[in-house]
Structures are given as structure tokens and as C-alpha cells.
Amino acid sequence: MYKIAPSILSADFAKLGQEIEEVILAGADWIHFDVMDNHYVPNLTFGPVVCKAIKPYTKSTPIDVHLMAEPLDSLIESFIQAGADYISFHPEASKHVHRSLSLIKSKGLKAGLALNPATSLDILSDIVLDELDYILIMSVNPGFGGQIFIPKTLEKIQELKKICQAYYQTTSRLIEIQVDGGINANNIKKIAQAGANIFVAGSAIFNQSDRNQAISALKQELQNI
Ligand code: DX5
Ligand code: ZN
């Protein structure tokens, strides 16, 4: 049930294919793909052409695209074409959240909504939850890897877990909880105990020379929770 999603934001871009193969061999469950546009967030990364280029290296491991960009809908279409499996975006970047979610779902992909530290859970009305496969809780402000986990996020995850459980009881539909930012072997257990099951980690994996050991250390902490 627990998934580790290495963020390639901290990978060596000069050998991206090799970096991806390495973390998949080391046990990565998803490949997290951070799209930044120097507009919605103050940083610039990569787009659909890079997603298409890495697709052969990911084989059956899903590509989880995290859009920190605006406007969204044409970009969503480009990422669908480029082979994305999961797409999340920030509600502040979409003029019509339900339309953007429906667009992702209409092509059979899984859809997520990414909530910044200061963004309230109030946006999660039933009409939104009905379109969601996962909710991404940002535990840092979006834009950069290597930031410190904001501890208050743990309470937000607990609150969200309650919302997802209540929703499950009425619909039998499971919405997963992903957390992104500042995750490492020292805090992943607490984050899981709060209710998350998908863990994005960039620097905690790619800044280590032994990726096997880095992912094993994270997975080890998730044993016996
Ligand atoms: C931040 C990104 C994260 C980031 C995580 O805006 O969404 O995915 O790469 O990196 P670490 O694990 O280093 O905080
Ligand atoms: Zn991310």
C-alpha cells in the first residue's frame, strides 16, 4: 500500500534515463516529474518533450506528473500525449478545477489535486472528490527541492485522512494521500502514521550516491506501522 515516488528534480539531468533506471531498480514505485514554469512557481524545469523522452526508461513504472504551472488545460493535453500516467495540479493555477480534473480523467489517467501549505482542505467538496484519485499535500512551498518539511503538515494530513475515510464509507472509493517536500528517513514514519501512503522524495534519494540504500532506508521505516 505504501509507495515511494522519487522526484527527478534532484536527479542529474545530464543522465536522466540512467538515473531513472537506477531508482526503479532500487525499488521506486512511481517516478515523480515536477513541472515548474517560472510563473506559478519561481523556478523552471522541464515539460512534455522530456516526459516523452524518459517514457522508454520507466517501462511499467508510472510517471506521476506534478504540474506547478499555468495555464493548465493545454499542458494537461500535452502531458497525456507524452505518456503521463498520473497528473496533479494546484487549484490556484486552474480557472476551472473540475474541468481540468475531468480532462485528465477523460483520457483514462489518474487525477490529483496538489494543496500548498497555506491552501485549505475546504476545496475538497464532494464534486471535486468524485474526480480525484489522490490528493497531494505539499509539505514545503512548491518550487525547489531540498527544503525542510513543515511540521504542521502532519495535522493537515490527519484531517485529510478523516475526509477520505468518510468519503470511502459513503462511496467505497479510495482516494490516496501523497505528501511532497522534505521527506527523509527521519520523518517518513510520522507522515505515514498521520495517514499518507505515497511519499515523494527528491534530495533524500538523488543526493545519495547509493540509491538502493536510500530507498531501502525509507521503506524500512514503513515496516510495521
Ligand atoms: C517541490 C517539488 C518536490 C521536490 C521534493 O516543489 O514538488 O517534488 O522535488 O524534493 P525534496 O524531497 O528534496 O524536498
Ligand atoms: Zn512535486
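This is a predicted model: local features need pLDDT of at least 70, side-chain atom pairs count only at pLDDT 80 or more; totals for chains, interfaces and linings use all residues.
Reader: Thank you. Where does Pro151 sit in that scheme?

Author: Pro151 is found in the loop that runs between β6 (134-138) and α6 (153-171).

Reader: Is Pro151 buried or exposed?

Author: Pro151 counts as exposed, because its relative accessible area is 58% and the cut-off for exposed is over 50%.

Reader: How far is Pro151 from Val140 in space?

Author: The C-alpha atoms of Pro151 and Val140 are 9.6 Å apart, while the two residues are 11 apart in sequence.

Reader: Let us turn to the ligand. Which residues come nearest to ligand 1?

Author: There are 20 residues around ligand 1, and those that come nearest are Asp34, Gly146, Asp180, Gly202 and Ser203.

Reader: How much of ligand 1 does the protein bury?

Author: The protein buries 100% of the 380 Å² that ligand 1 exposes when taken alone. The space that ligand 1 takes is the largest pocket.

Reader: Which strands supply the shell around ligand 1?

Author: At least two residues of the shell come from each of β2 (31-36), β3 (63-68) and β8 (198-201). The largest share, three residues, is from β2.

Reader: And what is the make-up of that shell by class?

Author: The shell around ligand 1 has eight nonpolar, 10 polar and two charged residues.

Reader: Staying with β2, where is His32, and is it buried or exposed?

Author: His32 has its place in strand β2. His32 counts as buried because its relative accessibility is 0%, and buried means under 20%.

Reader: Which side chains does the His32 side chain contact?

Author: A polar contact of 2.9 Å joins the side chains of His32 and Asp34. The His32 side chain also makes a polar contact with the side chain of Asp64, at 2.7 Å.

Reader: What about Ser10, which I see in a loop?

Author: That loop lies between β1 (3-6) and α1 (16-25). Ser10 is buried, with a relative accessible area of 19%. Its side chain reaches the backbone nitrogen of Ser203 at 3.4 Å, and Ser203 is one of the residues that come nearest to ligand 1.

Reader: A new topic: the backbone. Which residues does a cis peptide bond join?

Author: The cis peptide bond joins Glu70 and Pro71, with omega at about -5°. Pro71 is placed in the loop between β3 and α3 (73-81).

Reader: What is phi for Asn38 and for Lys59?

Author: Phi of Asn38 is near 60°, a positive value in a residue other than glycine. Phi of Lys59 is near 50°, also a positive value in a residue other than glycine.

Reader: Where are Asn38 and Lys59 located?

Author: Asn38 is found in the loop between β2 and α2 (48-58), and Lys59 in the loop between α2 and β3. Asn38 is exposed, with a relative accessible area of 51%, and Lys59 counts as exposed at 63% relative accessibility.

Conventions:
Residues are numbered from 1 along each chain as its sequence is written. Chains are lettered from A and ligands numbered from 1 in the order in which they are written. Side-chain values use heavy atoms; hydrogens and water are left out. A residue is near a molecule or strand if one of its heavy atoms lies within 4 Å of it. Accessible areas come from the Shrake-Rupley method with a 1.4 Å probe; for residues, only the protein chains shown count as cover. On a 1 Å grid over the protein atoms alone, a cavity is a set of points where a 1.4 Å probe fits but cannot get out, and a pocket is an open set with protein on both sides within 12 Å along at least five of seven lines; lining residues have an atom within 4 Å of a point. A molecule sits in a cavity or pocket if more than half of its atoms lie within 2 Å of its grid points. Helices (H or I, at least four residues) and strands (E, at least two) are DSSP runs, numbered from the N terminus. Ala, Val, Leu, Ile, Met, Phe, Trp, Tyr, Cys and Pro count as nonpolar, Asp, Glu, Lys and Arg as charged, and the others, Gly among them, as polar. Buried means under 20% relative accessible area, exposed over 50%, partly exposed in between (1.4 Å probe, protein chains only). A polar contact is a pair of N or O atoms within 3.5 Å; within protein, one must be able to donate a hydrogen and the other to accept it, and residues adjacent in sequence count only if both atoms are side-chain atoms.
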